[in-house]
Amino acid sequence: MSDMPVKLERRGAMALVTIDNPPVNALGLGVRQRLLELVPELEADAAVAGVVLTGAGSLFVGGADITEFDRPPQAPHLPELLERIERSGKPWFAAVNGPALGGGAELALACHYRLVSPKARFGLPEINLGIIPGAGGTQRLPRLVGVEAALPVIAENAQIDGQRAVELHLAAELVEGDFLAGAIAASAKMAMHPLPFPAAELPIADPGEGFWTEAAARIRKSARGAKAPLAALESLRLGVQKGAIAGLSFERETFLRLRASDEAAALRYLFFAERSASRSSTIRGVEPRRINVAGVVGGGTMGVGITAALLNAGLTVVLSERDAASLERATAALQAVVAAQARRKMHSDEEGRDRLARLKGAVGLNELAGCDLVIEAVFEDLDVKRDVFATLLQVCRADAILATNTSYIDPRHIVEGFGSKERFIGLHFFSPAQVMKLLEIIPLPQTAADVKATGFDLAKRLGKVPVRAGICEGFIGNRILKRYRGEAEQMVAEGVDFAAIDAALRDFGYAMGPFEMQDLAGLDISFMNREAARARGENVPETLGDILVRAGRKGQKTGGGWYDYEPGERKPQPSAATVRLLTPLIGAPKQVASRKIIDRLIKAMADEGRKILEEGIADSPEAIDLVEVHGYGFPRGKGGPMFLSARNAI
Ligand code: T1G
C-alpha cells in the first residue's frame with residue numbers, strides 16, 4: 001500500500017480525489033479509511049461543489065484488496081463506505097478512466113454520476129474468486145441498467161464498456177480526448193443539478209418467473225458445480241423481489257459466507273499463483289527475444305493446435321509438413337479450427353481470414369530459414385525428432401530458437417551431439433493446444449537465459465500459464481498422471497469397480513475420471529511407452545491397461561477400452577469383454593466410499609508432487625497445482641493436490 005493511497009486536489013469548485021494504490025488501485029483498508037474521512041470533510045467544505053473520483057494510471061479500481069481475504073474483514077467495510085458516499089450531500093462523480101472491477105465497479109455505482117473514458121469497463125468478476133459482489137453490486141447495478149443487462153455482469157463474467165454504459169444510461173457521458181479535464185468540466189456543470197435518487201433506492205421491474213428459470217438453468221450449466229454464480233443470481237433475484245434493503249443484507253451475508261469457503265480460498269490461491277507464474281525467478285530481469293515469425297514442424301493434432309495458438313496471438317506461422325497431401329490435410333484442419341472459433345464468437349470471420357492470411361504452408365524444412373522460433377511437433381519418436389533438428393540446425397538462422405513439443409522424451413537425448421545447445425528448449429503444449437492454457441517450459445542445462453525468457457514471454461502472448469519443469473520422465477504433469485493412473489489401477493486390482501472410481505472423480509469436479517480419460521486419449525499411448533521401456537530392458541510390470549490393449553481394446557478409437565462405445569458415440573457403456581479379461585486378475589469386488597477413493601488418488605498426486613519438488617523438477621507447490629488445473633482438468637474450485645494436501649483437506 002502506497003503511503004498516500006488516496007490523493008486530494010482542488011480543480012476549481014470541484015474536489016479531485018484520486019485512488020493511487022499500485023498495482024491495481026485496490027480498495028485496501030487505508031483507501032477505505034481515507035475515503036470515509038473525505039466524504040464528510042468535503043461535504044462540509046462550502047467551497048466544494050462536488051467530488052470527482054478517479055483512479056491513478058490506466059485502471060479506475062481493480063476491486064477490493066484480495067490479499068485481505070484470508071483475514072477477517074476489517075472496518076470500515078466497503079458497504080458502509082459506499083452507503084456514506086451515496087448519502088453524501090455533495091455529488092460524487094466517478095470518472096472511470098479504465099477498468100472498474102468488483103468493489104471498484106460497486107464504488108462507481110454508489111457515486112451519483114459516472115463519466116466514462118473510451119477505455120472504461122465495468123465488471124463484477126467476483127464469481128471467479130468463488131464469491132459474489134459484497135458491496136451492493138447485485139442491487140445497485142440492476143437498478144441502474146435493468147435486470148436483463150445486469151445479470152450477465154453479476155453472474156456470467158460479462159463486462160460493460162464505456163460506449164455501452166452510456167447507451168444503458170449507466171454513464172452520463174463518454175468523454176474523449178483529455179479524459180480527466182473533460183470529466184471535471186462535465187461534473188462541474190452537473191454539480192449544479194439536484195442530487196439524483198440513490199441507485200439503491202431506484203425502482204426495479206421483475207422480469208418474471210420465466211426469466212429467472214431460464215437464467216438459473218443457463219448458469220447452473222456453465223457453473224459446472226461452482227457455487228458462486230448461482231448465489232449471485234439468487235442475490236439479484238431476492239433484491240428484485242424483496243427490495244434493496246433485504247437484497248443488500250442477503251448479498252453481504254452470502255459474500256461473507258462464500259469468502260470463508262474452501263472454494264474461495266482455492267480460487268484465491270490460483271489467482272495469485274497464475275499471476276506469479278510468468279515471473280519465474282530463473283528469468284527475472286532477462287530480456288526475451290522478439291518472435292514475429294514462428295515455424296511449426298508437423299501438422300498433426302498438436303502441430304495444428306500450436307499453429308492455431310500462434311495465429312490467435314498475432315504471429316505469422318510457417319507450417320511445415322513432409323509432403324503436399326499432409327500439408328493439405330493440416331491446412332484444412334486449421335481452417336476448421338478457425339471456423340469453429342468464429343462460430344463460438346471468439347473472433348469475427350474477418351479476423352479469422354486475417355489469421356489464415358498469416359499462415360504459410362511449406363513442404364520440407366527449407367522455408368523455415370527465416371523463422372525466429374521453430375517448434376517441432378512431429379511423431380513422438382527420438383530418431384524422427386533428431387532428424388528434424390539435424391536439418392533445422394543447417395536451415396535456420398543461428399539466432400533462431402529451436403523448441404521441441406515432446407511430452408515424454410528427454411530433450412537432452414534429442415539434441416545429443418548437436419552444437420549450439422543454448423538455443424534449444426522444450427515447449428510442452430497440451431491438446432487441444434489452442435485451448436489448453438498450460439505450457440510446460442523445459443530448459444536444457446545449456447539453454448540460454450534469454451531463450452528461457454522468450455519461452456515465458458511467448459506463453460504470456462499466447463495467453464497461457466507457463467510452468468518451468470525440470471527434466472525427468474513425463475516432466476511434471478505426465479509424471480503425476482502416471483502416478484494417478486497407477487494408483488487408480490491398483491485400486492481396481494484390489495477389487496474396486498473402475499466405474500465407481502470414475503464416478504467419484506466426476507463428483508469431485510473432474511470432467512471425467514481416469515478410466516474414461518484413458519479411453520478418450522487412447523490406452524495405446526502409455527502402452528507403447530511401457531513397451532519401449534521393456535524393449536530397453538527395463539523391468540516394467542504388465543498393467544491391466546496392457547491386458548486390454550493386447551486384446552485390441554485401445555479406447556474410443558477401437559469402440560472399446562475400459563468401457564464399450566456405440567459406433568460414433570462417446571458415452572461409456574459397461575463392458576462384458578473388459579470384465580471377462582480382467583476378473584481373473586483382480587481381487588474380489590469391494591465397495592469403497594467416494595471420499596476414500598478421492599483422498600487416495602489426490603494423496604498419491606501430492607506425494608509425487610513432493611518428490612518432484614525435492615528433485616527440483618518444479619519450483620513451487622503452486623507450479624504443480626497450475627499444471628494440474630491448466631493441463632489435466634483438476635477442478636479449479638479445489639485448488640490443486642498440493643493446495644489440498646497443505647490444508648490437510650485430504
Ligand atoms: N487485490 C489485490 N491484488 C490484486 C488485485 C486485487 N483485487 N488485482 C490484481 N492484483 C495484483 C496481482 O496479484 C498482481 O500482483 C498485480 O496486482 C497485477 O495484476 C467487495 C469482494 C485488475 C484486470 O477480481 O482481474 O472486489 O503479481 O498481473 O494483467 O465486491 O489483475 O504483481 O504481485 O493481473 O494488468 C474483484 C482481479 C475483487 C479483479 C489487472 N476484482 N484483478 O490485470 O495485472 S473481489 C477482481 C484482475 C471484490 C467486492 C469484492 C487484474 C486486473 P503481483 P495482474 P493486469
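## Report on a predicted model

Setting aside residues up to four places away in sequence, L520 touches M512, Q556 and R570, where a contact means heavy atoms within 4.5 Å. This is a predicted model, in which local features need pLDDT of at least 70 and side-chain atom pairs count only at pLDDT 80 or more, while totals for chains, interfaces and linings use all residues. Residues are numbered from 1 along each chain as its sequence is written, and side-chain values use heavy atoms, with hydrogens and water left out.

L520 belongs to helix α20, which covers residues 514-521; helices (H or I, at least four residues) and strands (E, at least two) are DSSP runs numbered from the N terminus. L520 counts as partly exposed because its relative accessibility is 38%, given that buried means under 20% relative accessible area, exposed over 50%, and partly exposed in between, with a 1.4 Å probe and protein chains only. Although L520 and K554 are 34 residues apart along the chain, their C-alpha atoms are separated by 9.3 Å.

Helix α4 (residues 137-145) is mostly covered, with nine of its nine residues buried. These buried residues pack against several elements, among them α2 (78-86), α3 (103-110) and β6 (113-116). After α4 comes G146, whose phi is positive, near 95 degrees.

Two strands pair if DSSP finds at least two bridges between them, and β5 and β7 (residues 121-123) do so in the parallel sense over three bridges. In this pairing, L101 stands opposite G123 in β7.

The ligand is surrounded by 26 residues, of which the closest are G103, E106, E126, R275 and R279, a residue being near if one of its heavy atoms lies within 4 Å. The largest share of this shell, three residues, comes from α11.

| Residue and atom | Distance to a ligand oxygen atom |
|---|---|
| A64, backbone N or O | 2.8 Å |
| E106, side-chain N or O | 2.6 Å |
| E126, polar side-chain atom | 2.6 Å |

Taken alone the ligand exposes 1,000 Å², and the protein buries 73% of that, with accessible areas from the Shrake-Rupley method and a 1.4 Å probe.

Technical notes
A polar contact is a pair of N or O atoms within 3.5 Å; within protein, one must be able to donate a hydrogen and the other to accept it, and residues adjacent in sequence count only if both atoms are side-chain atoms.
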